[in-house]
Amino acid sequence: MKKIVIASDSFKGSASSQEVADSIKKGILRVFPTCEAVCLCVADGGEGLTDALNQRLKGKRIRCLVHNPLSEPIDAEYLLSNDGKTAVIETASASGLSLIPVHKRNPMKTTSFGTGELIKDAILRGCRNILLGIGGSGTNDAGTGMLQALGFRFKDKNGIDLRYGGEILEQIVSIDESEVLPELKDCRFTIICDVNNPLFGKNGAAYVYAPQKGASKEQVCLLDRGLRNFAHIIEHAKQIKIDNIPGAGAAGGIGAACIAFFSAHLQSGIKTVLEMIEFEKQIAGADLIITGEGKLDDQTTMGKTASGILEVAQRQNIPVIALGGGIENRERLNQAGFLATFSIQPYPVTLAKAMDKEFALHNIAETTEQIMRLLSI
């Protein structure tokens, strides 16, 4: 093996893309010490987006005090290009599911307000080009919290300002834009996401994603009704029929808010990242590509990081191996074109143990070494 490209997504809740890549590289060099192991950070719109795009932008990290989904103050960061014109913001940084303890997850209450605070900070610094990655959110408020941080006010039938969370969606009757940040109208938004779900319905934000954010069956129904109401309000206020726009349901409806209130356009996360880091050029001449993510399953083949990498690799006839914390439907993954898929778990363990960072990174290096030993024959 002369050249192996490593381009893995993060193992969500466990290790970053860069940490995973470093561990894979360790495993490679144990068997092929002279191999050129090229580590690339990649992401599909969630955690790790700023790391991935900073390979090209070479910008600076901006940290600021914002509010997490539970409205608690936290430090979050975003990436600002050196010319100060472009900001790369991860919804996961301020409004991510990983920021909420499992026993406190409740999308009726959680808010995307912190994401709006990051956007506002970037705008007030003079930034007018916003790349917003909306993967990994812990909210289902249709982006109302994000909009509230930027000056939008949502009112009930009595004209009273509503507070935060998915529970307000069904109560919204009107929107007051009189206090919206004036500079917002001069900004260009590009929304990077990895799903194409509609806003509501059986494939919408509530039914598909709210349960993993802590919603009960009853709350899922309430949230879906609220999203339908919000779509009606958008149609009345903005003359935009948001119902069936692919991606409107991303991040609990943040996609819809961005389309309606920022005139944003949505782009495939991994395709955008791979284009920006010139991935096709970087893999030229590689003997193998190793990718991965926390769980390899049917969704892997539907626009996630690993499938985007596979698509580019196939154009150059470069084989791709995928590593995962867990694997479902291996047959479909092989049919999609992966040379092989491997679980990094050495033996049955609890979920908490499997997600322990040091344990996971050790297993990634060990699994990679075994693969390399096989390839060395």
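Is Cys35 buried or exposed? At 7% relative accessibility, Cys35 counts as buried, where buried means under 20% relative accessible area, exposed over 50%, and partly exposed in between (1.4 Å probe, protein chains only). Cys221, at 36%, is partly exposed.

The model is predicted, so local features need pLDDT of at least 70 and side-chain atom pairs count only at pLDDT 80 or more, while totals for chains, interfaces and linings use all residues. Residues are numbered from 1 along each chain as its sequence is written, and side-chain values use heavy atoms, with hydrogens and water left out.

The whole structure contains 0 disulfides, a disulfide being a pair of cysteine sulfur atoms within 2.5 Å. For Cys35, the closest cysteine sulfur is that of Cys39, and the 10 Å between them is too far for a bond.

Asp44 lies in the loop between β2 (36-39) and α2; helices (H or I, at least four residues) and strands (E, at least two) are DSSP runs, numbered from the N terminus. With 6% relative accessibility, Asp44 is buried. Beyond its neighbours within four places in sequence, Asp44 is in contact (heavy atoms within 4.5 Å) with residues including Asp9, Ile192, Asp194, Lys304 and Thr305. The side chains of Asp44 and Thr305 are joined by a polar contact of 3.4 Å, a term for N or O atoms within 3.5 Å; within protein, one must be able to donate a hydrogen and the other to accept it, and residues adjacent in sequence count only if both atoms are side-chain atoms.
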